[in-house]
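Please read it alongside the sequence and the coordinates.

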Amino acid sequence: MSAVRSVLVGTCGLLLLTSCASGVPKATTVRRSAPVATASQSASPPVSVEVGKSYVEVLASGNGLGATREGLTLTAPNSVAYRYLDHAANMQEASIDEGDPPYLKQAVVPVGGDSFKLCSDKLTCATFGGFLVNQDGKLVDLTINNQPVGPRLTAGNDQPVTAAGAKFTLLTAYQSVMSNTWFITVKVQTGAEPITINPKLWSYRGPDGKPLTWVGSTAATHVVSKASLIVIVMFDSAKAGGRLTVGGCRVLGSSAPGDESRDCPSAAFSAVLKVG
């Protein structure tokens, strides 16, 4: 578990349905249809639907981060389906890093013959469908509420930027079908010195250079030396192709948490991550 100390309460509920990047490589896909039924034989579900059900069950499992990442074996690497589940795992890991309890298991309800509904509560539901598999039976694409996921999904390039001896790496970004909120996950890795970060003070400018409205994030946090964690920051109706400015304060010569929300002009640092 990451060596972090959270000092503020999270600013919003980070539900999987509302959380859960365009730069995702496209895998070769085929749609497998169900076999023709005879009078004495009923049709079995297409392979894509069977794999899709297993995929949604992973999202709903509540079995912990390991089980979510293990579910990536259902998908083709670097596909839309892979990146979406990876984003969900990043969101879950950020929640754990913040000290939140694990997600609760949710019911998966069939809708028609090829879709599945997942609800985080009585009023917040999403329908997963449009499942596509490749020649190896690996899931490559899906829809949520009949909306394509791929155009809403952005994956990082694994190239960190460095500031104050710490590395900041864009992992994933996703514009929620449910709210159009832009959810960005960033990995923070400290070096020899601790830092403090307050994602509430981070900013995002879209492709047109205009600033977007911050709507939530994980809590301000003291990160001890040689540690790592994942941060979530959210903006209203943002689009890929912009720039995320991250930052914080140096805590030189000390590993004790301070006031992570304070202004620290003499020890402040910042860095810019390109999103998409």
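## Strand 5 and its partners

In this predicted model, T143 has P148 in strand 6 as its bridge partner. Strand 5 and strand 6 run antiparallel and are joined by 2 bridges. The hairpin they form has 2 residues between the strands, and N145 takes a positive phi near 50° there.

L132 has D141 as its bridge partner in strand 5, and V133 stands opposite L139. The hairpin of strand 4 and strand 5 has 5 residues between the strands, with G137 at a positive phi near 75°.

## The sheet and its edges

The open sheet is built from 5 strands in the order 2-3-4-5-6, with antiparallel pairing. Which strands stand at its edges? They are strand 2 (108-111) and strand 6 (147-148); each has a single partner strand, so one side of each is left without a neighbour in the sheet.

Helix 2 (residues 47-60) packs on this sheet and touches strand 2, strand 3 (115-119), strand 4 and strand 5. The direction of helix 2 makes about 140° with that of strand 4. Helix 4 (residues 80-97) lies across strand 4 and strand 5, and runs at about 65° to strand 5.

## Burial in strand 5 and the case of D141

Strand 5 is mostly covered, with 5 of its 6 residues buried. D141 belongs to strand 5.

Apart from neighbours within four places in sequence, D141 is in contact with V80, A81, G130, F131 and L132. The C-alpha atoms of D141 and A76 are separated by 9.2 Å, although the two residues are 65 residues apart along the chain.

## Helix 2

The 14 residues of helix 2 reach 20 Å from the first C-alpha to the last, close to the 20 Å expected at 1.5 Å a residue. Its buried residues are S48, V49, V51, G52, Y55, V56, V58, L59 and A60. An α-helix has 3.6 residues a turn, so residues three or four places apart point the same way. After helix 2 comes G62, with a positive phi near 65°.

## Aromatic pairs

The whole structure contains 6 aromatic pairs. One of them is F168 with W202, an edge-to-face pair at 6.3 Å centre to centre and 75° between the planes. This pair links distant parts of the chain, 34 residues apart: F168 is in strand 9 (residues 166-175), while W202 is in the loop between strand 11 (195-197) and strand 12 (203-205).

F168 counts as buried because its relative accessibility is 0%. W202, at 4% relative accessibility, also counts as buried. Elsewhere, Y84, F128 and Y174 form one aromatic cluster.

In soluble globular proteins, nonpolar side chains tend to be buried together. The largest nonpolar core here has 27 residues, of which F168, I184 and L244 touch the most other members. At least two residues of this core come from each of strand 9, strand 10 (181-189), strand 11, strand 15 (228-236), strand 16 (242-250) and strand 17 (268-275).

Residues up to four places away in sequence aside, L244 touches I184, V186, S203, Y204, V233, F235, A271, V272, L273 and V275. A second, separate core has 26 residues, among them L85, F116, L139 and V177.

## Positive phi outside glycine

D158 is not a glycine, yet has a positive phi of about 65°. D158 is found in the loop between strand 7 (153-155) and strand 8 (161-163), and at 62% relative accessibility counts as exposed.

N180, also a residue other than glycine, has a positive phi near 65°. The loop between strand 9 and strand 10 holds N180, which counts as partly exposed at 31% relative accessibility.

Definitions and conventions:
Residues numbered from 1 in each chain as written. Predicted model: local features only at pLDDT ≥ 70, side-chain atom pairs only at ≥ 80, totals over all residues. Heavy atoms only, no water. Pairing = 2+ DSSP bridges. Helix = DSSP H or I, 4+ residues; strand = E, 2+ residues; numbered from the N terminus. Contact = heavy atoms within 4.5 Å. Axes fitted to C-alpha atoms, helices over the stretch in contact; angles between N-to-C directions. Phe/Tyr/Trp six-rings, centres within 6.5 Å; stacked < 30°, edge-to-face > 60°. Buried < 20%, exposed > 50% of the residue type's maximum accessible area, 1.4 Å probe, protein only. Core = buried A, V, L, I, M, F, W, Y, C linked by side-chain atoms within 4.5 Å. Expected span 1.5 Å × (residues − 1).
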